[in-house]
Amino acid sequence: MDRAATAARIAEVIEPFNKNGIAIDETTSFAGDLEWDSLTVMDFVAAIEDEFDIIISMNQQAEIETYGQLIDAVTTLQG
Amino acid sequence: MNDMTPPEAATKAPETDLFSKFDALIETRRSLLATGVTDPFSLVMEKVLSPTTAICNGRETILLGTYNYMGMTFDPDVITAGKQALDDFGAGTTGSRVLNGTYAGHRAVEEALKEFYAMDHAMVFSTGYQANLGIISTIAGKGDYIVLDIDSHASIWDGCKMGDAEVVPFKHNDIEAMEKRLRRIPEGAGKLVVLEGVYSMLGDIAPLKEMIRIAKSYGAMVLVDEAHSMGFIGPNGRGVAEDQGVLEDVDFVIGTFSKSVGTVGGFCVSNHPKFEIMRLVCRPYVFTASLPPSVVATAATSIRKLMHAGNKRAHLWENSRTLHGALTQLGFKLGTAEPQSAIIAVIMPDLERGAMMWEALLREGLYVNLARPPATPAGMTLLRCSLCAEHTAEQVSVIAGMFERAGKAVGII
């Protein structure tokens with residue numbers, strides 16, 4: 001799946017997690033802009049993993065701070 | 001205040017430095033204590049009278065938060081063994097297990113563990129924390145995958161981080177979530193599944209039978225932390241894996257001397273034929289001093305007594321069921337619907353009322369653990385009660401009364 005298609009699917013997955021309806025672009029940060037707590041992060045990561053049938057290990061998660069970085073990582077992880 | 005209180009603002013901290021990251025926690029703590037509540041994290045036991053009673057703040061207090069499940073801390077045989085070892089071998093070993101720190105007593109306690117678990121190898125660490133830290137970080141390294149429950153103990157997480165493996169958590173006790181993650185691990189990568197028999201925050205047990213079956217079907221090695229089950233869960237007190245009939249499929253059991261055994265120390269038992277190499281490659285085993293001779297002597301004596309403690313075990317379970325029933329009836333919200341272990345977690349509405357309830361219980365003469373994030377799952381504040389085989393039926397009834405009065409005073413029930 002190319003980056004654009006991946007981004008479109010991530011946008012669908014993130015929708016129910018974005019409870020405050022914050023406008024998300026590539027530079028939006030999960031901790032700073034979305035203010036997610038660790039539980040929300042865990043549930044969201046699990047939802048992304050299930051959607052794409054991939055593993056995003058804690059080590060990889062540590063490198064993902066922004067929405068754009070997530071799209072890049074998921075695009076790469078699908079191989 | 002006590003003598004340890006530093007003089008007021010002797011030195012002013014700079015606006016920002018390495019301590020700035022703790023500012024939020026410092027503020028939470030300050031505002032909690034500003035309400036006038038006693039600091040739940042600086043209680044001093046002035047005198048310990050028995051496994052179930054101590055003097056705290058000058059008054060006799062029932063202990064219901066010590067993990068001293070089998071009440072071995074004052075067992076006469078255990079005390080005698082410790083005193084004898086102190087006389088015969090001195091106060092400490094001043095050395096690593098692999099240099100001058102292995103005495104006859106260290107070998108003897110490892111023999112006792114091998115017999116207790118009916119396993120081929122036993123390795124004793126200076127604490128349970130170090131046992132998890134050491135074994136996990138040593139066997140799962142760069143490129144390997146660790147699949148673990150999200151509610152795992154801090155020592156497990158720290159072991160994962162230290163070993164540099166890929167760390168893949170799954171939702172607490174969720175068999176399907178665990179399997180999905182195992183299925184997605186790349187072909188050929190080393191896999192370790194880390195589980196606990198009893199999860200100490202809510203006192204719930206894991207569905208080890210199914211989880212271990214699945215882990216094995218994906219070719220993973222399995223490590224189970226049985227810290228909170230030793231001595232009273234399973235036909236021989238070997239823990240939840242034994243109770244569910246899957247102990248022989250567990251590659252590594254991690255345990256501690258600081259709960260049922262009644263002293264301090266940690267261990268790993270295993271049937272792996274190459275296990276002994278761990279003694280040379282496991283840094284938290286090598287680069288620290290071994291346990292004092294008196295400690296290993298008390299541990300060995302206690303472990304051997306735990307092999308024949310059927311009556312105490314039965315009484316511990318009776319205590320757990322009685323208190324769980326009483327607290328449920330009083331209207332408290334508990335961590336499990338039925339008693340699954342010797343831990344009963346009472347769920348508090350928030351930290352402030354949790355601290356108030358904790359203090360009200362202490363005034364009644366009862367000590368429980370106040371547990372709060374990040375130790376607790378889902379941001380919960382808990383009053384964690386751990387029962388002891390030495391609590392009498394009368395004490396358990398007194399405890400229920402204390403909970404009733406304190407709960408009403410604080411407005412929780």
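Start with the open sheet of 4 strands in chain B. Its strand order is β1-β2-β3-β14, and the pairing is mixed. Keep in mind that this is a predicted model.

Select residues 45–50 of chain B for β1 and 366–367 for β14. These are the edge strands of the sheet, and each pairs on one side only.

Show Ile62(B) and look across to β14(B): Leu366(B) stands opposite.

**Next stop: a second sheet**

Select β13, β16 and β15 of chain B, named here in sheet order. These 3 strands form an open sheet with antiparallel pairing. The edges are β13 (343–348) and β15 (369–371) of chain B, each pairing on one side only. From one strand to the next, the twist averages 30°.

Focus on β13(B) and β16(B), residues 381–386. The two run antiparallel and are joined by 6 bridges. Pick out Val346(B); its bridge partner in β16(B) is Leu383(B).

**Helices on this sheet**

Select residues 310–330 of chain B, helix α12. This helix lies across β13 and β16 of chain B, and runs at about 20° to β13(B).

Then select residues 351–364 of chain B, helix α13. Which strands does α13(B) touch? It packs on the sheet and touches β13, β15 and β16 of chain B. The direction of α13(B) makes about 35° with that of β16(B).

**A pair of helices**

Move to α4 (residues 128–139) and α5 (residues 154–163) of chain B. Their axes come within 7 Å and cross at roughly 35°. The crossing of α4(B) and α5(B) is right-handed.

Show side chains here. From α4(B), the contact residues include Tyr129(B), Leu133(B) and Ile136(B). From α5(B), they include Ile156(B), Asp158(B), Cys160(B) and Met162(B). By class, the contact of α4(B) with α5(B) has 6 nonpolar, 7 polar and 1 charged residues.

**Last stop: where the chains meet**

How values were computed. Residues numbered from 1 in each chain as written. Chains lettered and ligands numbered in written order. Predicted model: local features only at pLDDT ≥ 70, side-chain atom pairs only at ≥ 80, totals over all residues. Axes fitted to C-alpha atoms, helices over the stretch in contact; angles between N-to-C directions. Left-handed = near helix turned anticlockwise from the far one by under 90°. Contact = placed C-beta atoms within 7 Å. Nonpolar A, V, L, I, M, F, W, Y, C, P; charged D, E, K, R; others polar. Pairing = 2+ DSSP bridges.
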